[in-house]
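Please keep the sequence and the structure in view while reading.

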Amino acid sequence: MEIIRDLRNYSNTKGLALTIGMFDGVHLGHQQILRQLNDVAKRSSLGSAVLTFWPHPRKFFSADNSFRLLNTPEEKSALLQKFGVENLFIQEFNDDFRNLEAEDFVRKILSDKLNVKHLIIGHDHTFGKNQNGNFDLLKRLAPECGFTTEQIQAIENSENEIIISSTKIRESLQSGNILSANRMLGYAYPLTGRVIHGKKIGRTIGYPTANLEVNPDKLLPKKGAYIVEVFLGEEQHAGMMSIGTNPTVNGQQLTAEVYILNFSGDIYGEDLTVRFRDFLHEEIKFESLEKLIEKLDEDKFRTENFHF
């Protein structure tokens, strides 16, 4: 997949089948759009492409620093490539771009610059200054600008018939409902970080953990303990993930740490990925380290017997 960060130096004579959006999570709804995109591109001998933005418009417009993303840019790029996208355009979301009128966006960027021949958008997609651009505008401008367009309808989560969205997935993760989040994503929610030195308390009680330095833009699930899959290079292990402040030992700082079953070795400085599979329990402040160990033993038993 080719990644293009500066549209000014881009030119294309072949023509593109393009879709637009943040694609945060690249969830089942997004995947439906990508399947249609790839089908159209193949039938029409076009390049397949996604136009996305950085930073997320919600972070750009809001002073609320609590907003977090389902995917880091690296994760999103890898997922889009996995689902067959050939070209990824990353447009800087700045004042000039947000003030671009919707019609100018269609004519100057989609038609003139990117040479779009077929455009696919999601059911709720809007664009341009003040979000004035919509599917009706695209249908009106398409013949003039030489492309065809279609809108993909929303898909529902079969579990509770809610429309799948990045917002709904965030809500599930923030409530600890890993199973629901994974169903909407179509894959197990990942978290990647570099292994850093922690307080090393775990090793004194028989449960040494790898502390992860995580991208600050990445959404962490609710505080608590989780069953996870751990990927370290080519190796795959079962693991127990803890997200919280370690209240039993009067911790203050939020940490993400994982105990890897049946593993020993020095992995400081290495990148490690976990995939969340199930929620074990809320964060607990135990009255003693002995009680903590008893709970860890229970968690380990549940993890060992989990069907990955």
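Gln91 touches Leu7, Leu51, Thr52, Phe53, Trp54 and Phe97, when residues up to four places away in sequence are not counted; contact here means heavy atoms within 4.5 Å. The residue lies in strand S4 (residues 87-92), where helices (H or I, at least four residues) and strands (E, at least two) are DSSP runs numbered from the N terminus. Gln91 counts as buried because its relative accessibility is 15%; buried means under 20% relative accessible area, exposed over 50%, and partly exposed in between, for a 1.4 Å probe and protein chains only.

The model is predicted, so that local features need pLDDT of at least 70 and side-chain atom pairs count only at pLDDT 80 or more, while totals for chains, interfaces and linings use all residues. Residues are numbered from 1 along each chain as its sequence is written, and side-chain values use heavy atoms, with hydrogens and water left out.

The loop between helix H3 (73-82) and S4 holds Gly84. Gly84 is partly exposed, because its relative accessible area is 33%. Apart from residues up to four places away in sequence, Gly84 touches Asn38 and Ser48. Between the C-alpha atoms of Gly84 and Gly206, which are 122 residues apart along the chain, the separation is 44 Å.

Another loop, between helix H5 (102-113) and strand S5 (116-121), contains Asn115. Is Asn115 buried or exposed? With a relative accessible area of 15%, Asn115 is buried. Its contacts, leaving aside neighbours within four places in sequence, are with Asn12, Thr13, Lys14, Gly15, Leu16 and Leu110.

Attention now turns to the barrel. Six strands close into it in the order S9-S10-S13-S12-S11-S14, with antiparallel pairing; two strands pair if DSSP finds at least two bridges between them. On average, neighbouring strands of this sheet are turned by 45 degrees against each other, direction ignored. Strand S9 (residues 190-196) pairs with strand S14 (residues 271-282) in the antiparallel sense over five bridges. Within this pairing, Thr192 has Thr273 in S14 as its bridge partner, and Arg194 stands opposite Asp271 in S14. S9 also pairs with strand S10 (residues 210-214), in the antiparallel sense over four bridges. There, Arg194 stands opposite Glu213 in S10.

Helix H8 (residues 178-185) packs on the sheet, touching strand S11 (224-232) and S14, and the direction of H8 makes about 130 degrees with that of S14. Such angles run from 0 to 180 degrees between N-to-C directions, with axes being lines fitted to C-alpha atoms, for helices over the stretch in contact. After H8 comes Gly186, whose phi is positive, near 85 degrees.

At the level of the whole protein, the secondary structure comprises nine helices and 14 strands. The C-alpha trace spans about 75 × 40 × 40 Å along its principal axes. Of the 308 residues, 50% count as buried. Among contacts with a separation of 6 or more, 73% are accounted for by residues 24 or more positions apart.

The protein is divided into domain 1 (2-152) and domain 2 (166-305), bounds that come from an automatic or database domain assignment. The C-alpha centres of domain 1 and domain 2 lie 34 Å apart. Domain 1 contributes 18 residues to the contact, and domain 2 contributes 18 residues. About 1400 Å² is buried between domain 1 and domain 2, and carbon and sulfur atoms give 51% of that area. Buried area is the accessible area (1.4 Å probe) that two parts lose on being put together, summed over both.
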